[in-house]
Amino acid sequence: MKTILALTLALLIWNASAEAADLLVAPDGTGPYTTIQDALDNIGLNDTVVLMAGTYSGPDNRNMYSDGTTTIRPQFPGDEVIIDLQGSAADPAYGITVHDGTLTLEGLTFRHSYGLNGSAVRVIA
């Protein structure tokens, strides 16, 4: 009986952890995740980074990194979401580097990338 109970509990925990979640980020840092990179650092299998409408800039909203299957999208269709990388000759910047993964970007605008390796998305194979 203990074995069946333990197996049932393990299956329930596994099933709950397999469900996808939306990791919500607000441009002013007041969301459950304070920056886009914060959400990317905590993303799980099948999770989505969801951005509230507005402009994202500053540390951890530029030069970001993802190494898994990731989707980043606005909270609602039609929301204006701008990621201002604030790149310049003195301070080069890119949007996000993807390494060994799949990145899906929906409805986002990247602005002001700068540098030889700078762009909205860098892919490292």
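This is a predicted model: local features need pLDDT of at least 70, side-chain atom pairs count only at pLDDT 80 or more; totals for chains, interfaces and linings use all residues.
I take contact to mean heavy atoms within 4.5 Å.

**Entry 1: Ile 83.** I listed the contacts of Ile 83, leaving out residues up to four places away in sequence. Ile 83 touches Ile 36, Leu 51, Tyr 56, Asn 61 and Met 64, and also Leu 108, Thr 109, Phe 110 and Arg 111.

**Entry 2: the core.** Which residues touch the most other members of the largest nonpolar core? I found Ile 83 on that list, together with Ile 36, Leu 40, Val 49, Leu 51, Tyr 56 and Ile 72; the core has 16 residues. I then checked which elements give two or more residues to this core: they are strand 1 (22-25), helix 2 (36-41), strand 2 (48-51) and strand 6. Helix 2 gives the most, with three residues.

**Entry 3: Val 81.** Next I went to Val 81, also in strand 6 (residues 81-84). Buried or exposed? Val 81 has a relative accessible area of 1%, so I noted it as buried, the cut-off being under 20%. Its contacts beyond four places in sequence include Leu 51, Tyr 56, Pro 74 and Leu 108. Gly 54 is another of them; the two C-alpha atoms are 5.2 Å apart, though 27 residues separate Val 81 and Gly 54 in sequence.

Entry 4: Finally I traced the pairing. Three strands make an open, parallel sheet in the order 3-6-9. Strand 3 (54-56) and strand 9 (108-111) are the edges, each pairing on one side only. I noted an average twist of 25 degrees from one strand to the next. Strands 6 and 9 are joined by four bridges, and Asp 84 has Arg 111 as its bridge partner in strand 9.

Key. Residues are numbered from 1 along each chain as its sequence is written. Side-chain values use heavy atoms; hydrogens and water are left out. Buried means under 20% relative accessible area, exposed over 50%, partly exposed in between (1.4 Å probe, protein chains only). Two strands pair if DSSP finds at least two bridges between them. Axes are lines fitted to C-alpha atoms, for helices over the stretch in contact, and angles run from 0 to 180 degrees between N-to-C directions. A nonpolar core is a set of buried Ala, Val, Leu, Ile, Met, Phe, Trp, Tyr and Cys residues joined through side-chain atoms within 4.5 Å.
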